[in-house]
Amino acid sequence: MPTRSLTIKEEAYQALKTKKKKGESFTDVILRLAENTGSASKLLEMMDEMYSPDLADNIEATSKKFRKNFKTRNVKL
């Protein structure tokens with residue numbers, strides 16, 4: 001398979017490096033990130049990568065606080 005060399009800024013290299021999974025080459029990362037991002041499976045994959053227990057706890061706490069403070073109004077129709 002032919003190869004090409006690319007010149008990228010250090011910032012781009014570091015950003016790409018953070019997306020690299022164990023055992024993946026940079027080519028694998030680029031191809032994975034370049035896939036169609038409109039699919040539900042891609043969304044689930046991205047959510048799985050972003051998941052953290054702290055984030056989930058914060059979302060749950062904020063949701064509970066919002067529901068507790070939510071007020072309804074009486075509206076006559």
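Reader: How many aromatic pairs does the count come to?
Author: First off, this is a predicted model: local features need pLDDT of at least 70, side-chain atom pairs count only at pLDDT 80 or more, and totals for chains, interfaces and linings use all residues. Residues are numbered from 1 along each chain as its sequence is written, and side-chain values use heavy atoms, with hydrogens and water left out. Rings of Phe, Tyr and Trp (its six-membered ring) pair if their centres lie within 6.5 Å, and the planes count as stacked under 30 degrees apart, edge-to-face over 60 and tilted for the rest. By this rule, the number of aromatic pairs is two.

Reader: What kind of pair do the rings of Y13 and F26 make?
Author: The ring centres of Y13 and F26 are 5.5 Å apart. Their planes sit at 35°, so the pair is tilted.

Reader: How many residues apart in sequence are the parts that Y13 and F26 tie together?
Author: Y13 lies in helix α1 (residues 10-19), while F26 is in helix α2 (residues 26-34). Helices here are DSSP runs (H or I, at least four residues; strands are E, at least two), numbered from the N terminus. So the pair ties together parts whose separation in sequence is 13 residues.

Reader: Which residue forms an aromatic pair with F66?
Author: This pair is tilted, with 5.7 Å centre to centre and 50° between the planes. F66 lies in helix α4. Its partner in the pair is F70.

Reader: Are F66 and F70 buried or exposed?
Author: F66 has 54% relative accessibility, so F66 counts as exposed. With a relative accessible area of 52%, F70 is also exposed.

Reader: How many salt bridges does a search of the whole structure find?
Author: Side chains of opposite charge can pair when their charged atoms come close. A salt bridge here is a side-chain nitrogen of Lys or Arg within 4 Å of a carboxyl oxygen of Asp or Glu. Searching the whole structure gives two.

Reader: Which residue does E24 form a salt bridge with, and are both buried or exposed?
Author: The closest N and O atoms of this salt bridge are 2.9 Å apart, and E24's partner is R32. Both E24 and R32 are buried.

Reader: Where do E60 and K64 lie?
Author: E60 and K64 form a salt bridge, the closest N and O atoms being 3.5 Å apart. E60 counts as partly exposed at 43% relative accessibility, and K64 counts as partly exposed at 47%. The two are four residues apart, about one turn of the helix, and both lie in helix α4 (residues 53-69).

Reader: What pattern does the protein follow along the sequence?
Author: The protein has four helices and zero strands. Read along the sequence, the pattern is α-α-α-α.

Reader: What radius of gyration does the protein have?
Author: The radius is taken over C-alpha atoms, and the globule rule is 2.2 Å times the number of residues to the power 0.38. Along its principal axes, the C-alpha trace spans about 70 × 30 × 25 Å. A compact globule of 77 residues would come out near 11 Å, but the protein has 21 Å.

Reader: What share of the residues is buried?
Author: Picture 77 residues in the protein. Buried ones make up 6%.

Reader: How far apart are the centres of the positive and negative side chains?
Author: Lys and Arg count as positive and Asp and Glu as negative, while His and the chain ends are not counted. Each charge is placed at NZ of Lys, CZ of Arg, CG of Asp or CD of Glu. There are 16 positive and 11 negative side chains, and the centres of the two sets lie apart by 10 Å.

Reader: What distance separates the C-alpha atoms of I59 and V75?
Author: I59 lies in helix α4 and counts as exposed at 51% relative accessibility. I59 and V75 are 16 residues apart along the chain, and the separation of their C-alpha atoms is 31 Å.

Reader: How far is K71 from D54, taking C-alpha atoms?
Author: K71 is found in the segment after α4 and counts as exposed at 70% relative accessibility. Along the chain K71 and D54 are 17 residues apart, and their C-alpha atoms are separated by 28 Å.

Terms used: Buried < 20%, exposed > 50% of the residue type's maximum accessible area, 1.4 Å probe, protein only.
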